[in-house]
Every structure is written in structure tokens, then in C-alpha cells.
Amino acid sequence: MRRLTTVLTIGAASLLAAPSASATTREYWVAAVPVTFNIVPNGRDAIMGMEYTPADTVFGTTVYRRYTRNWGKPQANVPSGSGNSDLMPGPLIKARVGDKLRVHFKNLDTAFNRPHSMHFHGVEYKPSSDGSYVPGYSGRDGDVKPGQTWTYKLTAGKDSAGAWPYHDHGPAMHESIEGGMFGMLSILGRREKAPDREYVVIFSPMGKFQAIDGRAFVGNTPVFKSRVGELVQWDVMAMGSEHHTFHVHGHRWRGPDGVPVDTVTVGPAESLRVRWRERDPGTWLYHCHVETHMEAGMIGTYQVKR
Ligand SMILES: [Cu+2]
């Protein structure tokens with residue numbers, strides 16, 4: 001077995017490091033930023049023919065946003081084609097087993113003036129990178145006040161391959177999670193093939209709506225796109241207090257026991273990765289199959305070209 005070596009990511013050094021041969025350190029710059037968010041930008045539930053006004057759908061909240069080094073410039077959170085929003089979910093944080101992650105977090109929440117944090121599932125870290133607030137026990141990692149920063153030091157361990165949640169676990173966790181302060185980690189095995197397309201699907205309630213990546217109803221939720229022959233990967237998780245059932249029309253995949261399925265349940269903070277080699281062109285629905293959730297917006301389209 002080949003020994004893993006650590007290559008520090010300093011400027012162009014990261015470009016020179018062979019991505020699959022040796023472990024590396026991956027740096028992310030993330031800030032909590034206040035925004036005005038519209039959960040139904042087109043004002044319609046196209047399937048039921050319902051109209052909504054901005055009074056129903058626009059609210060102020062705080063989100064995670066990816067930045068360039070030293071919080072220089074804001075960037076899109078997810079690669080183009082994997083979502084339709086650069087605000088929710090937070091940045092897709094990627095690594096391979098054996099890599100180290102340095103997530104530099106800054107709280108720019110001057111509108112609500114709340115403390116925030118980042119708490120990561122699925123990876124190894126010391127308690128000072130846990131990011132959860134416990135009065136009298138936790139440190140600054142779980143209580144990053146407006147204007148302050150914290151660097152979370154994480155390692156993708158042998159049992160870290162998969163898709164995992166992260167979210168605010170600070171003193172304002174409840175409002176933050178309802179308002180969209182969550183995202184996903186995507187960790188590949190050391191030599192695992194990377195997918196051609198990767199989609200992030202986060203089910204969460206938002207006010208009176210049931211959202212996917214912070215949006216409700218077809219035409220607002222992400223339109224995921226692929227081509228026949230591509231390896232597609234869906235990173236799926238749930239936030240909040242309800243269970244959801246992830247379903248994609250016209251497709252099947254293998255469950256953990258090897259049996260084909262086309263629907264899978266995710267409870268709060270549960271996450272999973274679904275993969276297949278695409279072979280079915282057309283426009284398909286994906287949605288939560290809890291009927292009341294579908295009706296409240298938890299549905300979108302997936303477009304496969306020949
Ligand atoms: Cu649901």
C-alpha cells in the first residue's frame with residue numbers, strides 16, 4: 001500500500017499535486033452573510049396553479065457563502081448545474097479520504113447580529129473544531145460573534161467517504177437552520193472515481209413551505225441537468241424535524257443491501273449518496289414523496305439530454 005503524503009496547499013502548489021495519488025490540505029473560506037431571500041421567486045406553484053405574492057415568500061435570513069482567499073470576493077456556493085442558487089445550500093465542501101480540510105469561517109451577520117458556527121458531520125476533528133455551543137464548556141468555535149473568525153480543522157478519515165451535513169450549531173441554531181444555514185460535505189474514497197455531475201438536494205421546512213435547497217415548487221427548485229452516459233451523483237439530506245422520502249422518476253439505484261430502490265427515507269441530519277450511470281433521456285420529476293411536503297413545494301425537475 002502506498003504511503004499518503006501531505007502536500008500543503010500554497011498558491012499554485014495545489015495545482016501541481018496529483019489529486020488522487022497523495023493526500024492534500026484543502027482550504028475553504030466561508031462567511032455567514034445576511035440576505036433577503038425569496039423562497040418562490042416566480043411566485044407560482046405551477047402544478048397546482050397557485051399564485052403567491054412576495055409578502056408570502058420573501059424573508060430576511062443569514063446564509064453561508066463561499067469566498068475567495070481571506071474572504072476577498074463572494075463566489076457561487078455550488079458548481080453550475082448542481083443547483084440554481086448561490087445562497088442555499090452553503091458551499092459544497094469536497095475532499096478525498098486522507099485529506100485535511102481547513103474551513104475558515106467569518107461571521108458577517110451585521111443585520112441580525114447573531115453569533116454563528118459551523119458543525120460538520122462525517123469527519124474527524126478535535127473538540128475545538130466541533131462548532132457546537134454548550135454554555136460553560138464550548139469555546140469560540142461554537143460561538144463566533146459578528147466580526148469574528150474561526151478556522152475549523154477537519155480530516156477526512158477512513159470512514160468519511162460519503163455525503164454529510166454541516167450546519168450552524170451556535171446559540172442561534174434553531175433560527176439559523178430554519179433560515180438555511182446548512183450545506184454538505186462530499187468526500188470521495190482515496191481512488192474513487194469522481195462523478196461527472198453532482199447534485200445537492202437538501203430537504204427542509206421554511207415557514208409554511210417545504211423547500212429543496214431553499215426553494216419551493218417546480219420552476220424555483222433546482223433544475224438538475226445531465227447527459228446519457230454520465231455518472232451522476234445525488235447528495236441528499238434533511239434538516240429540521242421531519243422525515244422525507246427522496247424519489248426520482250424513471251430511475252432506480254441500489255440500496256445499501258444491494259436491492260434496487262427508487263425511493264429512500266432521510267430523517268433529520270441523515271444523509272446519503274445516490275449514484276447511477278445515466279441512460280434515460282427526458283425531463284423527469286424528483287421530489288419528496290411525503291404528499292403534504294410535495295404539495296408545499298418539495299418537488300423539482302431533472303433534465304437528461306441524449
Ligand atoms: Cu418531505
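This is a predicted model: local features need pLDDT of at least 70, side-chain atom pairs count only at pLDDT 80 or more; totals for chains, interfaces and linings use all residues.

Student: OK. Which residues coordinate the copper ion?

Tutor: His244 through ND1, Cys288 through SG and His293 through ND1, at 2.0 to 2.1 Å. Donors here are N, O and S atoms within 2.8 Å of the metal (3.2 Å for Na, K and Ca); water is not among the atoms, so sites may look incomplete.

Student: What spacing do the donors follow along the chain?

Tutor: H-x43-C-x4-H. His244 sits in strand β15 (residues 244-248) and Cys288 in strand β20 (residues 282-288), 44 residues apart. Strands are DSSP runs of E, at least two residues; helices are runs of H or I, at least four; both are numbered from the N terminus.

Student: Are His244 and Cys288 buried or exposed?

Tutor: Both are buried. The cut-offs: buried is under 20% relative accessible area, exposed is over 50%, partly exposed is in between (1.4 Å probe, protein chains only).

Student: Switching to charges. How many salt bridges does the structure hold?

Tutor: It holds 11. The criterion is a side-chain nitrogen of Lys or Arg within 4 Å of a carboxyl oxygen of Asp or Glu.

Student: What does Asp56 pair with?

Tutor: Lys208, with the closest N and O atoms 3.5 Å apart. Asp56 lies in helix α2 (residues 54-57) and Lys208 in the loop between β11 (197-206) and β12 (209-212), so the pair ties together parts 152 residues apart in sequence. Asp56 is partly exposed at 34%. Lys208 is exposed at 55%.

Student: And which residue does Lys94 bridge to?

Tutor: Glu198, at 3.7 Å between the closest N and O atoms. Lys94 is in strand β5 (residues 93-96) and Glu198 in strand β11, 104 residues apart. Lys94 is partly exposed at 34%, while Glu198 counts as buried at 10%.

Student: Which residues make up a salt-bridge network?

Tutor: Arg26, Asp99 and Arg190 are linked in one.

Student: Back to β11. In what order do the strands of its sheet run?

Tutor: β12-β11-β14-β19, an open sheet of four strands with mixed pairing. Its edge strands are β12 and β19 (271-277), each pairing on one side only. Strands pair if DSSP finds at least two bridges between them. Seven bridges join β11 to the parallel strand β14 (residues 231-238). There, Gln233 is the bridge partner of Glu198.

Student: Last topic. How many aromatic pairs are there?

Tutor: There are 23. Rings of Phe, Tyr and Trp (its six-membered ring) pair if their centres lie within 6.5 Å; planes under 30 degrees apart are stacked, over 60 edge-to-face, the rest tilted.

Student: What kind of pair do Phe224 and Tyr286 make?

Tutor: Their centres are 5.1 Å apart and their planes are at 45°, so the pair is tilted. Phe224 is in strand β13 (residues 223-227) and Tyr286 in strand β20, so the pair ties together parts 62 residues apart in sequence. Phe224 is buried at 0%, and Tyr286 is buried at 0% too. Both belong to a cluster linked by ring pairs, including Tyr199, Phe203 and Trp234.

Conventions: Residues are numbered from 1 along each chain as its sequence is written. Side-chain values use heavy atoms; hydrogens and water are left out.
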